[in-house]
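Subject: Structure for your review

Dear colleague,

My notes on what was found in it follow directly after.

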Amino acid sequence: MKKLTFVAAMAIAVASLTSCMNSAPKADLKSDVDSLSYAFGMAQGPSLKEYAIQGLRVDSAYMNDFIKGMTEGANAGEDKGKAAYFAGLQIGQQISQGMMKNLNMQVFGEDSTKTLSMKNYLAALILSLTNQKGIYTEQEAQQAAETLMSKIKSKQFEGDKKKGEEYITKYAKGADVKTIDVNTTVGMKPVKGTVYYKVLKEGTGAIPTDSSSVKVHYEGKLIDGTVFDSSYKRGQPVTMVPSQVVAGFKAALTKMPVGSTWEVVIPQELGYGENAAPGSPIKPYSTLIFKIETISIEK
């Protein structure tokens with residue numbers, strides 16, 4: 001059975017190689033310029049293949065299709081119509097493989113069953129590209145996108161938001177829980193909220209300002225206990241500037257004397273709000289729980 005499998009694999013490999021070889025034009029090396037051109041192609045081939053697969057996400061099984069498109073594009077020369085067409089193909093692929101995926105992640109998080117409408121996106125995009133009037137002006141479209149995205153995400157993650165609020169209500173009733181009222185702006189939006197905390201260890205050192213460089217140990221987790229980040233697990237503290245972290249973390253850090261360790265609960269509006277944190281399990285409207293230990297102020 002192993003022998004048959006090996007033979008079959010070899011047959012597939014040979015067929016693939018033959019197909020690739022048949023699609024390649026034959027070189028005609030009659031001069032040094034011809035040979036130099038050939039050498040350039042051979043030298044750049046491996047890096048281009050890696051870029052196609054890793055950077056452009058071309059499936060290696062469809063390399064012949066990539067070669068066909070590349071050859072047609074390269075041979076288009078000064079033909080502006082063909083150049084525009086190939087540029088459009090490239091942008092279309094970027095929309096499909098990159099931008100639309102990112103937008104879907106922003107709106108729907110990890111829920112792959114929901115997606116934005118490519119049909120309606122392209123309908124509006126083409127109107128804009130051809131200077132035709134649509135439902136919105138550019139400014140109205142930006143405002144509508146922000147409002148609608150917030151509405152959809154609020155509905156999408158309503159359950160998570162409610163669980164966070166319930167957790168905070170219960171936590172606030174616990175013994176030794178203190179509060180910090182926050183009135184700030186996040187981006188361009190005014191934001192109000194309350195940070196809740198317990199002092200696990202009382203510090204007696206200086207208190208950081210917004211612009212201080214503070215060395216801290218911390219662990220962040222969600223209300224279900226999922227740890228999404230921990231300097232303790234990495235084995236070394238980190239240095240951060242309070243003005244560069246989420247509003248709730250900043251509010252706590254700028255009240256903590258050096259040497260303190262606090263447990264801090266941050267409501268979603270003072271955390272990442274309606275945004276998911278990139279590369280982490282933090283979903284929109286997540287309540288965050290931190291253990292924060294201030295070690296020193298660097299400057």
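Strands β3 and β4 form a hairpin with five residues between them, and Gly225 in the turn has a positive phi of about 95°. Helices (H or I, at least four residues) and strands (E, at least two) are DSSP runs, numbered from the N terminus. The model is a predicted one, in which local features need pLDDT of at least 70 and side-chain atom pairs count only at pLDDT 80 or more, while totals for chains, interfaces and linings use all residues. Residues are numbered from 1 along each chain as its sequence is written, and side-chain values use heavy atoms, with hydrogens and water left out.

Strand β3 (residues 214-221) has several partners, where two strands pair if DSSP finds at least two bridges between them. With β4 (residues 227-230) the pairing is antiparallel over three bridges, and Glu219 stands opposite Ser230. Eight bridges link β3 to β7 (residues 288-297), again in the antiparallel sense; here Tyr218 has Ile292 as its bridge partner. Three bridges join β3 to β5 (residues 238-240), also antiparallel, with Val214 opposite Met240.

Ser213 lies in the loop between β2 (189-201) and β3. Ser213 counts as buried because its relative accessible area is 11% (buried means under 20%, exposed over 50%, partly exposed in between; 1.4 Å probe, protein chains only). Leaving aside neighbours within four places in sequence, the contacts of Ser213 (heavy atoms within 4.5 Å) include Thr239, Met240 and Val241, as well as Ser296 and Ile297.

On the surface, Leu48, Tyr51, Leu56 and Met70 form a nonpolar patch with about 350 Å² of accessible area together. Areas come from the Shrake-Rupley method with a 1.4 Å probe, and for residues only the protein chains shown count as cover. Leu48 belongs to helix α2 (residues 32-55) and is partly exposed, at 37%.

Overall, the protein has nine helices and seven strands. Its radius of gyration, taken over C-alpha atoms, is 28 Å, well over the 19 Å that the globule rule (2.2 Å times the number of residues to the power 0.38) gives for 299 residues, so the protein is more spread out than a compact globule. Of the 299 residues, 25% count as buried.

Yours sincerely

Terms used
Patches are made of residues with over 30% relative accessible area and no salt bridge: like charges are joined within 9 Å, nonpolar side chains (Val, Leu, Ile, Met, Phe, Trp, Tyr) within 5 Å. A salt bridge is a side-chain nitrogen of Lys or Arg within 4 Å of a carboxyl oxygen of Asp or Glu.
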